[in-house]
Amino acid sequence: SPFMNMPNANDLKTKVVNVAGKEVIVSQGTLRMSMRRDHMRSMALQQLLAPGSEELSPLEQVFIVEIYPAMAACSSGELPSAVELLDTMVDLETDSWYVACTELNPHWFVKDENSEAGQEIKKKSRSRRRSVRKTK
C-alpha cells in the first residue's frame with residue numbers, strides 16, 4: 001500500500017527553541033497545521049480590516065497576517081502573541097524561532113504579494129491614505 005511509507009507524527013522533524021524564557025517546539029508542517037495557519041491568517045486579516053482597528057505599519061500588518069500565523073501553526077508550547085512579538089522584534093530568541101520555522105517549513109514562508117491577504121492589506125493602506133488627504 002502507498003500509505004505504508006507515510007511518516008507518522010513521531011517521524012516529523014522538530015527543533016526546540018527558547019522564546020521569552022519558554023520552550024517552543026517547532027515541527028514540520030502537517031495538513032492540520034496548514035489548515036490552522038490558514039484559519040489564523042483569515043482571522044488576523046478580518047481583525048485588521050475591521051472598522052476602528054488599530055493603525056499598524058505595513059511591516060506590522062505583514063507580520064501579523066502572514067508571518068506569525070505560519071510560525072504559530074507549526075509550533076507548540078507557550079507561544080507569545082503576535083503583538084508581544086512585535087514589541088520584542090529585535091530579540092534574538094524571536095529570530096531563532098523564525099529561523100527554525102523557515103528551516104522546517106520553507107514553503108510556508110514564500111513571499112506572495114498577490115496573496116489574498118497581501119491584496120487586502122494593499123487596499124486598506126490605499127483607502128486610509130485617501131481618507132487623510134485634504135479636501136477643498
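Before looking up any strand partners, I note the rule: two strands pair if DSSP finds at least two bridges between them. Helices (H or I, at least four residues) and strands (E, at least two) are DSSP runs, numbered from the N terminus.

Ground rules next. I am working on a predicted model, where local features need pLDDT of at least 70, side-chain atom pairs count only at pLDDT 80 or more, and totals for chains, interfaces and linings use all residues. Residues are numbered from 1 along each chain as its sequence is written, and side-chain values use heavy atoms, with hydrogens and water left out.

**Entry 1: overall layout.** I find five helices and three strands in the protein. Along the sequence I read the pattern β-β-α-α-β-α-α-α. Of the 136 residues, 34% are buried (buried means under 20% relative accessible area, exposed over 50%, partly exposed in between, with a 1.4 Å probe and protein chains only). I also looked at contacts (heavy atoms within 4.5 Å). Among those with a separation of 6 or more, 66% join residues 24 or more positions apart.

**Entry 2: the sheet.** I see an open sheet of three strands, ordered β1-β2-β3, with antiparallel pairing. β1 (14-19) and β3 (75-77) are the edge strands, each pairing on one side only. On average, neighbouring strands here are turned by 30° against each other, direction ignored (axes are lines fitted to C-alpha atoms, for helices over the stretch in contact, and angles run from 0 to 180 degrees between N-to-C directions).

I then checked β1 against β2 (residues 22-27): the two run antiparallel and six bridges join them. Thr14 has Ser27 in β2 as its bridge partner, and Val19 stands opposite Lys22. The β1-β2 hairpin has two residues between the strands, and Ala20 there takes a positive phi near 55°.

**Entry 3: helix α2.** α2 (residues 58-73) has 16 residues and reaches 22 Å from first C-alpha to last, close to the 22 Å expected at 1.5 Å a residue (the expected span is 1.5 Å times one less than the number of residues). Where does α2 kink? At Ile67, by about 40°, shortly before Pro69 (the bend is the angle between axes fitted to the seven residues ending at a residue and the seven starting there). The buried residues of α2 include Phe63, Tyr68, Pro69 and Ala72.

Why do I call Ala72 buried? Because its relative accessibility is 1%.

**Entry 4: helix α4.** α4 has 13 residues and reaches 18 Å from first C-alpha to last, close to the 18 Å expected at 1.5 Å a residue. Its buried residues are Thr94, Trp97, Ala100, Cys101, Thr102 and Leu104. I list β1, β2, α2, β3 and α3 among what covers them.

**Entry 5: the core.** In soluble globular proteins, nonpolar side chains tend to be buried together. The largest nonpolar core here has 26 residues, and those with the most contacts inside it are Val17, Val26, Phe63, Tyr68, Trp97, Cys101 and Trp108 (such a core is a set of buried Ala, Val, Leu, Ile, Met, Phe, Trp, Tyr and Cys residues joined through side-chain atoms within 4.5 Å). Two or more residues come from each of β1, β2, α1 (31-49), α2, α3 (82-87) and α4 (92-104). α2 gives the most, with eight residues.

Neighbours within four places aside, Val17 is in contact with Lys22, Glu23, Val24, Val26, Ser96, Trp97 and Ala100.
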